[in-house]
Amino acid sequence: MPAVPHLMTLADLTGPQISRIVNHAHYLKQVSLPWLAPQRQSKKNARLRMPSQSLFNKSIALIFSKRSTRTRVSAETAAVLLGGRALFLGREDIQLGVNESPRDTARVIGGMCQGIFARVGEHEEIEELAKHSPVPVLNALSSLWHPTQILADVLTLHEHSYLFEPNSSGPPAPNKPLAPLRPLTVAYVGDSANVLHDMLVTYPRLGHKLRVASPPQPMYQCPKPVWDRVTQLGCDKDIWWGSDPREAVKGADVVVTDTWISMGQEAEKAQRLKDFSGYQVTEALCREGGANPDWKFLHCLPRKQDEVDDEVFYGPRSLVFPEADNRKWTIMAAFDLLFGKWDVTGEKTLVAKDD
């Protein structure tokens, strides 16, 4: 029996393996969208291809101890397209953390389901689930990492690569391979939280540079376990980090922010809003800081107006809603490769090719 594969963070994968998931997400999206469109009788309908059915008759457990919109809806709808079923298990639904340990929960659920997609609090919780689960565990969000969000962001940037090319003729035709993306400068303005952490270990290995601004207080700096992974992977050489948001957006092609007040930090709201004064993403901030004239904006959502104003969030620079849509397709790709095929790293494909 092969070792059970898990995915806790994109730091667990190589750059080519990350690109493989993103390209697979693009493929699944192109195959699946015609099935989701209104069906009309035509010769074109007869040529529809089925997406992978690797979850046929399989069940995926969604263990969510935190609220979710995009992650939950993406997971449930993606499982259906792959021929399976997702079981939403909120903290009020199961015994985890009340009368049962993560170890026992992992064994029981893993004995009935074929994958576990877990959205937890502290990262140690998902590590404990993975340690004892007989089926793959995928991190849906933890205190340290948010891998599926960054997969969606990378897919979104590739799909809009023409926006970063001065002589582009516009978006690519449908059903084409995913377009390449030139090296970008990505600026992140905000808290050192799980979204940024997976950015730190991903973008430099895909050929991009990161510029980060966070308040100088220690609580807003990168946790040591995360920075250790950053340096181990050699990503630190392509990362600038300071406390001035205007300096961070200098030369930026993409500007990203996230919530300053995550779930569980509501008691810190007044202090955090004070500490992040001047960090709101606006046209003025990016103009004064010297962002590229055609810079684009990403946000994982939900958004609060303190983080970015309406002009940017709802304006032509914003890619936030295509980014949200792509949560479905990248989660679908991760489900297919990890839960359906136990092949998220591509090692099986490489072995078969060598043979």
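**Close-up views of a predicted model**

**View 1. The end of helix H13 and the residue after it.** Trp 342 follows H13 and has a positive phi, near 50°. Helices (H or I, at least four residues) and strands (E, at least two) are DSSP runs, numbered from the N terminus. This is a predicted model, in which local features need pLDDT of at least 70 and side-chain atom pairs count only at pLDDT 80 or more, while totals for chains, interfaces and linings use all residues. Residues are numbered from 1 along each chain as its sequence is written, and side-chain values use heavy atoms, with hydrogens and water left out. H13 has 21 residues and reaches 29 Å from its first C-alpha to its last, close to the 30 Å expected at 1.5 Å a residue; the expected span is 1.5 Å times one less than the number of residues. A bend of about 30° occurs in H13 at Asn 326, where a bend is the angle between axes fitted to the seven residues ending at a residue and the seven starting there. Of the 21 residues of H13, 18 are buried, and the helix is mostly covered. Buried means under 20% relative accessible area, exposed over 50%, and partly exposed in between (1.4 Å probe, protein chains only).

View 2. Two strands pair if DSSP finds at least two bridges between them. Strand S1 (residues 59-64) runs parallel to S2 and is joined to S2 by six bridges. Ile 60 has Ala 86 in S2 as its bridge partner. Contact means heavy atoms within 4.5 Å.

View 3. The largest nonpolar core holds 63 residues, of which Phe 117, Met 199, Leu 200 and Phe 335 touch the most other members. Helix H13 (residues 320-340) gives the largest share of this core, nine residues. Apart from this core lies another, of 23 residues, including Tyr 220, Trp 295, Phe 297 and Ala 324. A nonpolar core is a set of buried Ala, Val, Leu, Ile, Met, Phe, Trp, Tyr and Cys residues joined through side-chain atoms within 4.5 Å.

**View 4. Tyr 188 and Met 199.** Tyr 188 is found in strand S5 (residues 185-189). Tyr 188 counts as buried because its relative accessible area is 0%. Leaving aside neighbours within four places in sequence, the contacts of Tyr 188 include Leu 196, Met 199, Arg 211 and Val 256. With neighbours within four places again left aside, Met 199 is in contact with residues including Ile 150, Val 186, Tyr 188 and Val 256. The C-alpha atoms of Tyr 188 and His 299 are separated by 10.0 Å, although these residues are 111 residues apart along the chain.

**View 5. Helices H1 and H6.** Helix H1 (residues 15-36) has 22 residues, which at 1.5 Å a residue should span 32 Å; the end C-alpha atoms are 31 Å apart, which agrees. H1 bends by about 25° at Gln 30, and Pro 34 follows within four residues. The 13 residues of helix H6 (residues 147-159) should span 18 Å at 1.5 Å a residue, and the end C-alpha atoms are 19 Å apart, which agrees. In H6, 13 of the 13 residues are buried, so this helix is largely enclosed by the rest of the structure.

View 6. Most residues other than glycine have a negative phi, and most peptide bonds are trans. Asn 57, in the loop between helix H2 (43-46) and S1, has a positive phi near 65°. Asn 57 is exposed, with a relative accessible area of 65%. Leu 141 lies in strand S4 and has a positive phi of about 155° although it is not a glycine. Leu 141 counts as buried, at 9% relative accessibility. A cis peptide bond, with omega about 0°, joins Leu 301 and Pro 302. Pro 302 lies in the loop between strand S9 (296-299) and helix H12 (310-313).
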